Amino acid sequence: MVDEAAIEETMLRLVSERGADKTCCPSEVARALGGPHPDGWSPLMQPVRRVAVRLTKAGRVQILRKGKPVADPDDFRGIYRLSLPRP
């Protein structure tokens, strides 16, 4: 299984590569680590979410729902995207 440090590094790299006004899907992070087959990346989705929440609280990434930052990173549902924090 992939550790959280690898998830964090991959997530930060992907959002940085996209730039300030672009987002990436959490499944892209999972696929980068687990490969293209769902058996490899699907189990990584919850760990990716945990890392996204931690990095959002630390101000290093931003979780977006419908294009807007989530109010509470501990309590959001549905499809989300990741981006660099917006000023």
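Predicted model: local features only at pLDDT ≥ 70, side-chain atom pairs only at ≥ 80, totals over all residues.
Visitor: How many bridges join β1 to β2?
Guide: Two bridges join them. Strand β1 covers residues 62–65 and runs antiparallel to β2.

Visitor: What stands opposite Leu64 there?
Guide: Pro69, which belongs to β2.

Visitor: And Ser83, where is that?
Guide: Ser83 is in strand β3.

Visitor: Buried or exposed?
Guide: Ser83 is buried; its relative accessible area is 0%.

Visitor: What does Ser83 touch?
Guide: Leaving out residues up to four places away in sequence, Ser83 touches Val15, Lys22, Thr23, Val61, Gln62 and Leu64.

Visitor: New topic. Where is Thr10?
Guide: Thr10 sits in helix α1, which spans residues 4–18.

Visitor: Why does Thr10 count as buried?
Guide: Its relative accessible area is 3%, and buried means under 20%.

Visitor: Which residues is Thr10 in contact with, apart from its sequence neighbours?
Guide: Val29, Ala32 and Leu33, once neighbours within four places in sequence are set aside.

Visitor: What lies 2.9 Å from a polar atom of the Thr10 side chain?
Guide: The backbone oxygen of Ala6.

Visitor: How far is Thr10 from Val48?
Guide: Their C-alpha atoms are separated by 9.9 Å, while the two residues are 38 apart along the chain.

Visitor: Now salt bridges. How many does the structure hold?
Guide: Eight. Side chains of opposite charge can pair when their charged atoms come close.

Visitor: Which residue meets Glu8 in a salt bridge at 3.0 Å?
Guide: Arg54, with that distance taken from N to O. Glu8 lies in helix α1 and Arg54 in helix α4, residues 45–57, so the pair ties together parts that are 46 residues apart in sequence.

Visitor: Are those two buried or exposed?
Guide: Glu8 is buried at 17% relative accessibility. Arg54 is partly exposed, with a relative accessible area of 35%.

Visitor: What does Arg13 form a salt bridge with?
Guide: Glu17, and the closest N and O atoms are 3.5 Å apart. Both residues lie in helix α1, four residues apart, about one turn of the helix.

Visitor: How accessible are Arg13 and Glu17?
Guide: Arg13 is partly exposed at 35% relative accessibility. Glu17 is exposed, with a relative accessible area of 54%.

Visitor: Which residue does Asp74 meet in a salt bridge?
Guide: Lys57, at 2.9 Å from N to O. Asp74 lies in the loop between β2 and β3 and Lys57 in helix α4, so the pair ties together parts that are 17 residues apart in sequence.

Visitor: And their accessibility?
Guide: Asp74 is exposed, with a relative accessible area of 52%. Lys57 also counts as exposed, at 52% relative accessibility.

Visitor: Last one. Which residues do shared partners join into one network?
Guide: Salt bridges that share partners link Glu4, Glu8, Arg50, Arg54 and Arg60.

How values were computed
Residues numbered from 1 in each chain as written. Heavy atoms only, no water. Pairing = 2+ DSSP bridges. Buried < 20%, exposed > 50% of the residue type's maximum accessible area, 1.4 Å probe, protein only. Contact = heavy atoms within 4.5 Å. Polar contact = N/O pair within 3.5 Å; in protein donor to acceptor, adjacent residues only side chain to side chain. Salt bridge = Lys/Arg side-chain N within 4 Å of Asp/Glu carboxyl O.
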